[in-house]
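Welcome! We will go from stop to stop together.

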Amino acid sequence: MSLIHTWACLLLWVSFATQDKTPDVAVTCLVSEECVLPCSFQPGSKETIEWFRQDVVVYKFKRDDGDDDDDDDDDDDDSSEEHFKHEQIAGRASVFPHLISRGNATLILRKSSLKDRGTYRCHVSTSQGEHNAKVIVKVEAPIQGLSLELTRLSGYEEMKCTVRNVFPAPRVTWATEPPTFEDLRPVTRMLADKQGLYTVDSRLKRLNGQPDLIYICKVTTSYGGPAWTTSLREREIRGSQGKDLTIPCYAPPYLNNPFLHWSFSNGEDPSHILTYDSQSGHAVSSPPWENHVELDGFRVPFGDGSLRLMDPKHSEHTGSYTCVFSAPYNSHTERTDVTIDDPVGQRSISKAPSYWWIVGLVIAVLVLALACMLAYLKMRGNTSKARNDPEEVTELHLVKDSAADSNLNESSCLTTGSTNGQSGLQTGTQLT
């Protein structure tokens, strides 16, 4: 009988011990937001509530029987309450006085920070007994958004993915669409501020020879929150003034029913062109663009957000066009630099006087001057040679003089013969 009695007492003690035992509660709070630490107990009277953090009292509240349960929750106006607030949570912690009589000792911690992390214990003492509950508080700073841009500050083009004010430190990975066989070697830096929040800067050098790639930056957290993804593609196209031009924009396959936004910039602040909601099928465009843009709403849910630019003008529509597909935790951006050629400017350039004939004339004059100089130098060289060779000159003169003397003798003989003949004829005539 004694053994049976012992087991019965043990079971009864365990049942009473576990009756008031509350399992630990894990609470995840967000930085700068309100944090709720739950605590419920069996109502009684003359409740005294104490909240401990690592076995140090951080908040204390005492309620008398005379308190009115219907009072508001502003405990500073009730003189029958006794408060104790640790300096770490002073001015940020409170309970609901009007709910204490109903067994609710929940602690509200406003503007929570990373310093509020830890294990808290709720201890309630009433006329009916005591109650303890443990709350494990985690404080996180989730990802609010990602930014991805193309920079040239390092002397070469690189993709820069940035996420700010997060905790704990996230993990950043890169990919391309379509996939490439080259190794992606990003450089990721993480810096914590005074509050312990991280700013992450991850950079990836743009691959050469592949201008139409989509660069994808993915950020994941260690606490199991949603993964964030952002991607970017850059391109350049040209168009002619007055001729319709299609500006392409295609969403990656992981975006479903995205929200579409088009904007334009020509060195000033971006201006809104249009937005399109895939779920409602409703498009809204700004007045300056209503008569110049057209969007095929049936293609947007399938990832084709290409914009048709109608009757473009060189001065008005040359600039950067940005197309953004967005969905929860995901976004894709395509930035296109568009140049609208000016036909008037092209005609003026073609009709401008050409000065190439002047260059040709100058070259011709130089060639002629060079030829004249060479001819002059050649003649001068011949003259100098004749002066420098006197024997050749003497022989030349002798030959000329001999030729002249022989010619003179022949002339004399002919003259004498002719004279003698005439004299003979005259003599014969006289004789006769």
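How many disulfides does the count come to? The count comes to 4 disulfides, a disulfide being a pair of cysteine sulfur atoms within 2.5 Å. In general, a disulfide is a covalent bond between the sulfur atoms of two cysteines.

Before we set off, please note that this is a predicted model, where local features need pLDDT of at least 70, side-chain atom pairs count only at pLDDT 80 or more, and totals for chains, interfaces and linings use all residues. Residues are numbered from 1 along each chain as its sequence is written, and side-chain values use heavy atoms, with hydrogens and water left out.

**Stop 1: C39 and C122**

Select C39 and C122 and show their side chains: they form a disulfide with sulfur atoms 2.0 Å apart. C39 lies in the loop between β2 (35–37) and β3 (48–53), while C122 is in strand β8 (residues 118–126), so the pair ties together parts that are 83 residues apart in sequence. Strands here are DSSP runs (E, at least two residues) and helices are DSSP runs too (H or I, at least four residues), numbered from the N terminus. Look along the S-S bond: at -75°, the link of C39 and C122 is left-handed. Are these two cysteines buried or exposed? Both C39 and C122 are buried; buried means under 20% relative accessible area, exposed over 50%, and partly exposed in between (1.4 Å probe, protein chains only).

**Stop 2: C161 and C217**

Next, select C161 and C217, joined by a disulfide with an S to S distance of 2.1 Å. This pair links distant parts of the chain, with C161 in strand β11 (residues 158–166) and C217 in strand β15 (residues 214–220), 56 residues apart. The torsion about their S-S bond is about -80°, so this disulfide is left-handed. C161 counts as buried because its relative accessibility is 3%, and C217 is buried with a relative accessible area of 0%.

**Stop 3: C249 and C323**

Now move to C249 and C323, whose sulfur atoms are 1.9 Å apart in a disulfide. Here too the pair links distant parts of the chain: C249 is in the loop between β17 (245–247) and β18 (259–265), and C323 is in strand β23 (residues 319–327), 74 residues apart. With -70° about the S-S bond, the link of C249 and C323 is left-handed. Both cysteines are buried.

**Stop 4: a hairpin**

Select residues 271–277 and 282–285, which are strands β19 and β20, paired in the antiparallel sense over 4 bridges; strands pair if DSSP finds at least two bridges between them. D277 stands opposite H282 in β20. The two strands form a hairpin with 4 residues between them, and G281 in the turn has a positive phi of about 70°.

**Stop 5: R299**

Find R299 in the loop between β21 (293–295) and β22 (307–309). R299 is partly exposed, with a relative accessible area of 47%.

**Stop 6: Y355**

For the last stop, select Y355 in the loop between α4 (343–351) and α5 (356–387). Y355 counts as exposed because its relative accessibility is 55%.
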